[in-house]
Amino acid sequence: MSARLINCPALSGKRDHPARRLKYIGGLSAMLCTLALAGCAANSSKGEANRIAFAPTALTPEQCAAGAMIQAASETDSTYLIQPGDQLGIEFYLNPDFNDDVVVRPDGKITLRLVGDTPAAGLTPTRLSQELDKDYLHELREPNAAVHVKNMPSRQIYVEGEVSKPGAVTLDAGMTALQAISSTGGLTPESGDTAVLIRRDFCGSPQRTDIDLKAAMKSPDQGEDLALLPRDILVIPRSGIANVDLWVDQHIRKLIPVNPYLPIPM
């Protein structure tokens, strides 16, 4: 009876069970180690990517120009800070007799009737309106002052070269190169087909961009007619033929006392 129990297959299976269990545990441990190594490698790669992404690098000219555009776009009328030289319109809705147009002095102040000198530079138009309400409260029951920026030299551009009236132009929202040229009376007969845009980027370095005026006028949707930013300088050079004519006029016509050209007999 005991011999049959020793040779019983069921008992033999029980002896093999611990071995299979050890083999299963070993395989599971190997799989867990593989997953852990893969996770460590992924974390290492992610950490390296983060280190590269957040490493301080110098701004490229394109990034500087983009920063300047973002800064200019953020300067809306509600956030614009009044600067020396700005022309302000001061209005009192209930007391129009006190309305006035003033220019911010170099010291940042404006002079108003009844209240005298008042700081204005560095304030938004809304904030200055609130300050004026306080200043005039001793003179007017309900001042309700409103401040409008009529002219902002800081938002001017400069058009030079072969245009009818070169000089500073007030920059309107969305003004393009062709619109700026039109504001100066248009091109002269001696102008070339290319304009040079000089713009200081966000880092303060001047950058040059050539604008194909002929392409801009023929196909405005091609992107040649660039939008301008405050303090841009737009230069319209003379055409090559105009330069030749100028050289001939200065070195031949004005130096020879007689007409160098023979009349053609008719």
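Buried residues account for 25% of the 266 residues in the protein chain. The model described here is predicted. Seven helices and ten strands are found in the protein chain. Its accessible surface comes to about 18000 Å², and 59% of that area belongs to carbon and sulfur atoms. Of the contacts between residues at least 6 apart in sequence, 52% join residues at least 24 apart.

Strands of a sheet pair through backbone hydrogen bonds, either parallel or antiparallel. Here, three strands form an open sheet with antiparallel pairing, in the order E2-E1-E5. Strand E2 (100-103) and strand E5 (145-151) are the edge strands, each pairing on one side only. From one strand to the next, the twist averages 25°. Helix H4 (residues 125-136) packs on this sheet and touches E1 and E5. The direction of H4 makes about 135° with that of E5.

How many bridges join strand E1 and E5? Strand E1, residues 87-92, pairs with E5 over six bridges, in the antiparallel sense.

**Aromatic rings**

Three aromatic pairs turn up in a search of the whole structure. One of them joins Phe92 and Phe98, with 6.3 Å from centre to centre and 75° between the planes. This pair counts as edge-to-face because the angle of 75° is over the cut-off of 60 degrees. Ring pairs also bring in Tyr136, so that Phe92, Phe98 and Tyr136 are linked into a cluster.

**A proline in a loop**

Pro84 sits in the loop between helix H3 (61-74) and E1. Beyond its neighbours within four places in sequence, Pro84 is in contact with Val104, Arg105, Pro106 and Ala121. Pro84 and Ala121 are 37 residues apart in sequence, while their C-alpha atoms are 6.2 Å apart in space.

| Residue | Relative accessible area | Class |
|---|---|---|
| Pro84 | 45% | partly exposed |
| Phe92 | 1% | buried |
| Phe98 | 23% | partly exposed |

Why does Phe92 count as buried? Its relative accessibility is 1%, and buried means under 20%. Phe98 is partly exposed because its 23% lies between the limits of 20% and 50%. The value for Pro84, 45%, also makes this residue partly exposed.

How values were computed: Residues are numbered from 1 along each chain as its sequence is written. This is a predicted model: local features need pLDDT of at least 70, side-chain atom pairs count only at pLDDT 80 or more; totals for chains, interfaces and linings use all residues. Side-chain values use heavy atoms; hydrogens and water are left out. Two strands pair if DSSP finds at least two bridges between them. Helices (H or I, at least four residues) and strands (E, at least two) are DSSP runs, numbered from the N terminus. Axes are lines fitted to C-alpha atoms, for helices over the stretch in contact, and angles run from 0 to 180 degrees between N-to-C directions. Contact means heavy atoms within 4.5 Å. Buried means under 20% relative accessible area, exposed over 50%, partly exposed in between (1.4 Å probe, protein chains only). Rings of Phe, Tyr and Trp (its six-membered ring) pair if their centres lie within 6.5 Å; planes under 30 degrees apart count as stacked, over 60 as edge-to-face and the rest as tilted. Accessible areas come from the Shrake-Rupley method with a 1.4 Å probe; for residues, only the protein chains shown count as cover.
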